[in-house]
Amino acid sequence: MTSRSRAKSRDDIMALMHVAYTGKDALPLQQDTDLMTAQDIWARKYHELWEKLEKNTRDSFCTALWKWLAWCDRKGLDTVIHPITKCVIFLEDLLSDMVAKNSKDPFGTVRVARKALSKIRELQRGVPPPYGEAFSKETLIRSASSKALAATTEARIGPDSDPLRDGFQATSLDQDEVERILDACIKHNDHWSGFRVAAMVLLGTAMGFRGDDLMDAKPSLLALTPVVRSTPVPMQPVTCSLRIGKVNSFGWLRYSGFGRHKEPHLDAAGALADLLVFTLNLTGLDILQKIESQDTTWWQYRLLFRDLYHADKKQDRNALAKPLQNILQEVDGSPVVKTKVLHLFRDSGVILLASGGAGSELLSIWGHWARGTLQQAYLEKNPLSALVAFAIAGGWDQTSFMGRHFCGRALVMVPERWIDSLFPGVRKVLDAVRARNARLQSGKRQADDRVSDRAAEGFLQTVLYSGICFWQNLPFRTQRYGLAYALHRLPAVAAIIATQEYHDFAREVIASHDKANKQAELDVSASMGEMLTDMQAPALYDTSGSIRTVAFAWKEWKCGPGEATIADRVSLIKADKSLAVGARNSSLHKKNRHLPQLIEMLVNLGATLLESIRLMTQIADHFDLTLDQMREGARLLNGKAAKPDCTALTAETNVTVGHFRQGIAWAQGEIRKNQQEQSVVAN
């Protein structure tokens with residue numbers, strides 16, 4: 001079947017739709033009615049039969065229809081999709097063409113052509129029934145389909161088929177192949193392509209993404225769920241909503257997601273972190289600037305964009321498939337050969353989950369194959385319905401992960417300044433977006449508040465969480481890849497990994513990871529007592545980074561019932577021999593308790609609680625101090641930890657202990673002055 005002499009054009013397809021049939025069995029052409037013109041009637045049919053189709057489906061249909069036009073040209077026939085016998089001969093010729101090209105799925109090509117003809121046939125004026133499914137069920141059409149199916153069967157399982165290439169291994173990745181591909185991604189000479197393909201592999205298999213989902217994935221659709229209270233380590237799933245495609249055919253917003261993997265090199269959260277670090281530092285994408293200026297065109301940016309010109313467009317298949325195919329050829333040992341490319345990850349994800357113990361009901365929720373009111377109207381709308389699938393995909397046991405989620409590297413705290421060095425300005429923009437969204441939601445709009453951008457809030461939170469994942473995975477990246485891991489050379493990263501603080505951190509992360517992995521394989525033993533005590537102790541202080549002001553620090557301090565403070569809770573825990581404070585709580589308590597106790601001191605001087613918090617906030621604003629710096633200043637003023645007045649509070653500020661002491665003295669003076677004024681008024 002030769003191609004058409006003229007270039008393929010969408011105008012050809014539109015012209016094909018407008019062809020009119022005037023044969024003996026033609027239907028009368030549609031006429032205007034009192035309520036609707038003939039053109040309006042045709043336009044509604046066009047929308048229902050063509051315009052509402054998914055873009056990929058329309059593209060496939062166009063390919064089939066161009067073949068129909070070429071066949072009609074070659075045969076010297078008009079392009080009316082009638083009579084049935086004409087359609088059958090075309091389908092049989094198409095089948096012969098596919099068999100001659102050694103196609104492994106000639107039935108798939110014939111089926112697409114059959115569906116395309118059934119759609120356009122109904123749009124061509126005067127063409128009589130059958131249309132749609134009735135066209136496909138017509139006896140002669142079914143005969144052509146049966147021949148095509150037999151050809152596909154012969155190609156796949158006949159005596160000349162290759163069991164390794166054409167069998168189950170041809171359409172999915174096993175665990176070893178995933179690891180070898182990821183190693184090839186990191187070592188690939190085009191680092192941007194390498195990080196994109198690594199993200200495709202891990203995000204695609206973890207979330208069951210179709211090719212269309214990968215091509216349209218957007219940063220604006222990323223968000224964090226509420227923390228899952230698994231023990232001993234809480235789980236923080238990341239979600240990506242799916243706003244187009246097959247899963248939304250009923251109008252529900254669908255989600256996919258993932259948690260941290262037991263093994264760092266297989267961690268989807270780590271692959272996303274690498275991608276975001278590269279994107280925000282090295283590609284020049286202006287996503288933060290647009291969020292800050294309330295320009296919502298950033299919503300159109302794609303996560304796996306090929307280059308800046310295509311960043312705000314849905315990626316075409318080649319933009320994703322070509323880098324993947326290149327890397328599949330570079331895999332150590334031997335190239336990875338598959339018959340599927342972009343759908344490979346969805347196939348692989350479901351097989352890996354099933355081999356990990358996931359049942360069909362869980363798989364149907366995870367893959368959005370569920371049917372029925374319960375599944376479609378309730379379960380599939382919440383990503384946490386597939387939480388067990390997230391656990392299995394992360395290498396955890398599905399029956400016990402809620403009580404045995406030993407993600408050891410997640411226990412080691414990452415300094416905020418390291419995250420900020422990776423993503424400069426993100427925290428500040430997030431605070432501004434949160435404040436603006438809150439004002440708009442409460443009806444307290446300010447003059448420069450233009451849009452409520454919840455997507456930005458979810459994305460920026462995901463970015464900061466990715467910073468945590470990046471640093472907690474970095475020691476393992478170094479172990480596995482050495483200098484081949486390109487992000488080592490990012491200036492912000494290179495400056496930090498050269499410090500003794502990072503070396504200590506890396507040793508702690510690796511030790512915590514190894515210790516937790518051993519425990520995950522064993523019963524609870526005495527050798528793990530210290531670690532488990534710390535894990536299972538109640539969390540007294542928030543470590544998520546969400547507490548950032550003096551007022552919230554005080555609210556956290558007074559979190560107990562009645563007038564109980566964290567200090568009171570620590571005393572009660574220590575008094576109960578069956579409980580333990582835990583090393584993590586003890587360390588945070590030593591650092592964080594001094595600021596609220598300083599507020600209590602101001603209250604004891606006669607100030608109200610609100611006045612005391614206001615004065616401490618004014619000190620923070622005057623010296624431009626963060627909450628961590630305020631806490632450190634309060635600690636350094638403490639008698640046991642007192643430092644010379646020339647000592648800086650932290651390395652990030654020039655404010656000294658002496659400056660902070662002057663600020664507290666000013667607050668005490670303000671309290672005394674207010675008391676004197678009140679005394680004068682009273683007299």
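**View 1. Helix H12 and its neighbours.** The buried residues of H12 pack against helix H10 (191–207), strands S1 (222–224), S2 (238–242) and S3 (254–258), and helices H19 (416–422) and H21 (454–481). Here, buried means under 20% relative accessible area, with exposed over 50% and partly exposed in between (1.4 Å probe, protein chains only), and contact means heavy atoms within 4.5 Å. Helices (H or I, at least four residues) and strands (E, at least two) are DSSP runs, numbered from the N terminus. This is a predicted model, where local features need pLDDT of at least 70 and side-chain atom pairs count only at pLDDT 80 or more, while totals for chains, interfaces and linings use all residues. Residues are numbered from 1 along each chain as its sequence is written, and side-chain values use heavy atoms, leaving out hydrogens and water. Because 12 of its 15 residues are buried, H12 is largely enclosed by the rest of the structure. Look for Ala268, Asp274 and Phe278 among them.

**View 2. Helix H4 and the helices around it.** In H4 (residues 84–100), the buried residues include Ile84, Lys86, Phe90 and Met98. Their packing partners are helices H3 (55–75), H5 (106–123), H6 (132–137) and H7 (139–157). After H4 comes asparagine 102, whose phi is positive, near 60°.

**View 3. The contact of H28 with H29.** On the H28 side you can find Leu595, Leu598, Ile599, Leu602 and Val603, facing Leu609, Ser612, Ile613 and Met616 of H29. By class, eight are nonpolar (Ala, Val, Leu, Ile, Met, Phe, Trp, Tyr, Cys and Pro), one is polar (the others, Gly among them) and none is charged (Asp, Glu, Lys and Arg).

Methods:
Expected span 1.5 Å × (residues − 1).
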